[in-house]
Amino acid sequence: MREGKPRLLVIEDDEGLQAQLKWAYEDFAVTIAGDRDSALAALRSEEPAVVTLDLGLPPDPDGTSEGFAVLDAIMALKPDTKVIVASGHGARSSALEAIERGAYDFYQKPVDIDALGLIVRRAFALREIEEENRRLAAKVGEDKTVLGTMITAAPEMAKVARTIERVANTNVSVMLLGASGTGKELLARGLHQASDRRGGAFVALNCAAIPETLLEAELFGHEKGAFTGAVRANEGKIELAHGGTLFLDEVGDIPLPLQVKLLRFLQERTIERIGGRKAIEVNTRIVCATHQDLEAMIGAGTFREDLFYRLAEIVVKVPTLAERPGDAVLLAKSFLSRFAPEMNPRVKGFAPDALSAIDAWQWPGNVRELENRVKRAVIMTDGKLVSAEDLDLIAPVDDGPAELLNLKSAREKADRTMIRHALARSEGNISSSAKLLGISRPTLYDLLKQYDLHA
């Protein structure tokens with residue numbers, strides 16, 4: 001009975017070994033293939049979760065060219081397949097190259113059935129975990145917590161999210177400080193959804209995008225006939241967010257005269273529309289954001305100090321994408337899974353050079369730049385895997401002096417960064433991460449414990 005059993009594809013041209021492997025894995029639904037065509041046909045029809053692959057296949061049984069061609073084809077067709085390659089004595093370089101091309105693990109020939117069985121079962125277990133993670137990720141939009149709507153493995157970002165969750169059900173004003181494209185509006189929406197105001201409206205206004213002459217009307221509204229063109233009364237954003245949250249992006253661009261009126265609202269919780277004489281009570285929470293140095297603006301006299309302290313009861317500094325090692329790869333995979341089904345269903349994942357380029361890039365435009373590059377690459381790529389060229393990424397040149405002169409601190413910083421990149425690249429798998437880093441699993445566990453990192 002094959003029904004219900006995990007599907008294992010064995011790609012091996014030795015008939016004796018074929019029979020031995022099929023007999024050894026009675027608890028799997030085993031399919032045997034002896035060449036590239038039959039292997040890819042079985043991959044399409046059976047969709048196995050795990051594949052064992054002998055690199056020495058005909059017409060190159062003494063080499064590895066045909067085996068690598070099969071591996072590349074599997075990664076292009078089904079990049080989430082766990083491929084375990086066979087390497088002969090002295091062929092460690094081929095095994096490592098296979099790992100770089102996307103293989104999950106390797107085993108040594110002659111075959112030790114028990115050892116190979118352990119690797120195969122571990123691969124199936126990892127595949128089940130990944131499937132469960134994907135199912136949970138699909139339900140992210142239903143989660144009402146900040147952490148539930150955020151894709152991150154970085155402690156820096158998790159700390160930000162925990163802070164926001166902690167203040168969500170209070171009425172304090174929150175100021176988000178960070179560079180453009182770091183996800184400040186996403187955090188503001190998360191704060192709103194995590195608060196007891198989630199039943200009210202979330203209203204966003206980019207203060208830098210509205211002309212100064214219209215910004216007051218946008219914020220406070222106007223009465224009919226208040227100015228030329230005001231043919232009817234309009235509620236402002238503050239009123240529209242009554243019972244909910246108003247997100248003021250780029251709050252540093254609010255002109256000084258309007259800052260006075262905003263301060264009065266924050267003190268009295270009432271507004272007057274332009275052209276109106278009636279005070280309107282409004283229960284609106286303000287969350288604001290800016291990439292500017294407001295304290296420097298206070299010194300220069302372009303931002304009111306009293307307004308700053310009213311808006312900044314809680315200040316949250318949002319790290320850039322470059323300050324969140326490993327997150328770029330996680331976010332890129334999420335964006336690809338979102339865009340590919342609609343824009344280019346042939347695209348199934350990233351090529352190894354693309355993942356390396358994503359890790360190495362400094363992302364001056366932060367998450368917004370990453371999202372735009374992935375979207376463009378998904379649309380433009382001709383293959384099934386997005387390459388570094390598709391992303392238009394080149395390796396950055398590091399010609400600046402080292403920031404850390406203390407050798408121990410520099411090593412620790414490098415260790416932390418590389419470990420987090422490896423964990424993100426391998427989706428948290430310890431064995432794969434250790435192989436990427438060129439260390440043993442026990443060594444990686446020791447480093448995780450030493451640096452208080454989590455897989």
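A: A salt bridge is counted when a side-chain nitrogen of Lys or Arg is within 4 Å of a carboxyl oxygen of Asp or Glu. The model is predicted, so local features need pLDDT of at least 70 and side-chain atom pairs count only at pLDDT 80 or more, while totals for chains, interfaces and linings use all residues. Residues are numbered from 1 along each chain as its sequence is written, and side-chain values use heavy atoms, with hydrogens and water left out.

Across the whole structure, a search finds 17 salt bridges. One of them joins R121 and D27, with N and O at 2.9 Å. This pair connects distant parts of the chain, 94 residues apart: R121 belongs to helix α5 (residues 113-138), and D27 to the loop between α1 (15-24) and β2 (29-33). Helices (H or I, at least four residues) and strands (E, at least two) are DSSP runs, numbered from the N terminus. R121 is partly exposed, at 37% relative accessibility, and D27 is partly exposed at 37% as well. Here buried means under 20% relative accessible area, exposed over 50%, and partly exposed in between (1.4 Å probe, protein chains only).

Helix α5 also contributes R122. The side chain of R122 forms a salt bridge with D105, and their closest N and O atoms are 3.0 Å apart. The accessibility of the two partners can be stated in turn: D105 is buried, at 3% relative accessibility, whereas R122 is partly exposed, at 27%.

D105 has a salt bridge with K435 as well, in which the closest N and O atoms are 3.1 Å apart. K435 lies in helix α18 (residues 430-437), so this pair, with D105 in strand β5, joins parts of the chain that are 330 residues apart. K435 is partly exposed, with a relative accessible area of 26%.

Elsewhere, salt bridges that share partners bring D72, E97 and R101 into one network. R101 has a further contact: its charged end sits over the ring of F68, 4.4 Å from the ring centre. A charge sits over a ring if NZ of Lys or CZ of Arg is within 6 Å of the ring centre and within 35 degrees of the ring normal.
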